[in-house]
Amino acid sequence: QVQLVESGGGLVQAGGSLRLSCAASGRIFSFNAMGWYCQAPGKERKLVAAVGSGGSTYYADAVKGRFTISRDYVKNTLYLQMDFLKPEDTAMYYCAAWTGMDYRGTPQSWGQGTQVTVSS
């Protein structure tokens, strides 16, 4: 079993930055893919960024060039650096982990979410 605990959300003005953290514990290994999803009210949860085994990364088109995903394998922590934030980035952000090495398909583990609100 994997436990994921997010932190770092908050309220920020448009153009500002936030860094989300996800502390992972339990049966999580360096080869497991991890990522960040977001879900705005009334909308589907969607993959924002992910990192697979070997360090391959994925970014949704809407965040390319603004968000950076990284992983500290010693601290077992996943990060999402969010720069040049826009009001449309407002959502609940969830940390996710896969049992496999890549980020295709539905993650098997989820965190409880952290709210990001960007004011205009």
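Analyst: Take F31 to start: F31 is partly exposed, at a relative accessible area of 39%. This is a predicted model: local features need pLDDT of at least 70, side-chain atom pairs count only at pLDDT 80 or more, and totals for chains, interfaces and linings use all residues. Residues are numbered from 1 along each chain as its sequence is written, and side-chain values use heavy atoms, leaving out hydrogens and water.

User: Why is F29 called partly exposed?

Analyst: Its relative accessibility is 37%. Buried means under 20% relative accessible area, exposed over 50%, and partly exposed in between (1.4 Å probe, protein chains only). So F29 counts as partly exposed.

User: What makes the pair of Y37 and W98 tilted?

Analyst: The ring centres are 6.3 Å apart and the planes meet at 35°. Rings of Phe, Tyr and Trp (its six-membered ring) pair if their centres lie within 6.5 Å; planes under 30 degrees apart are stacked, over 60 edge-to-face, the rest tilted. So this pair of Y37 and W98 is tilted.

User: Which parts does the pair of Y37 and W98 tie together?

Analyst: Y37 lies in strand β4 (residues 34-39), and W98 in the loop between β9 (91-97) and β10, so the linked parts are 61 residues apart in sequence. Strands are DSSP runs (E, at least two residues), numbered from the N terminus. Both Y37 and W98 are buried.

User: Why is S109 called buried?

Analyst: Its relative accessible area is 12%, so S109 is buried.

Methods:
Helices (H or I, at least four residues) and strands (E, at least two) are DSSP runs, numbered from the N terminus.
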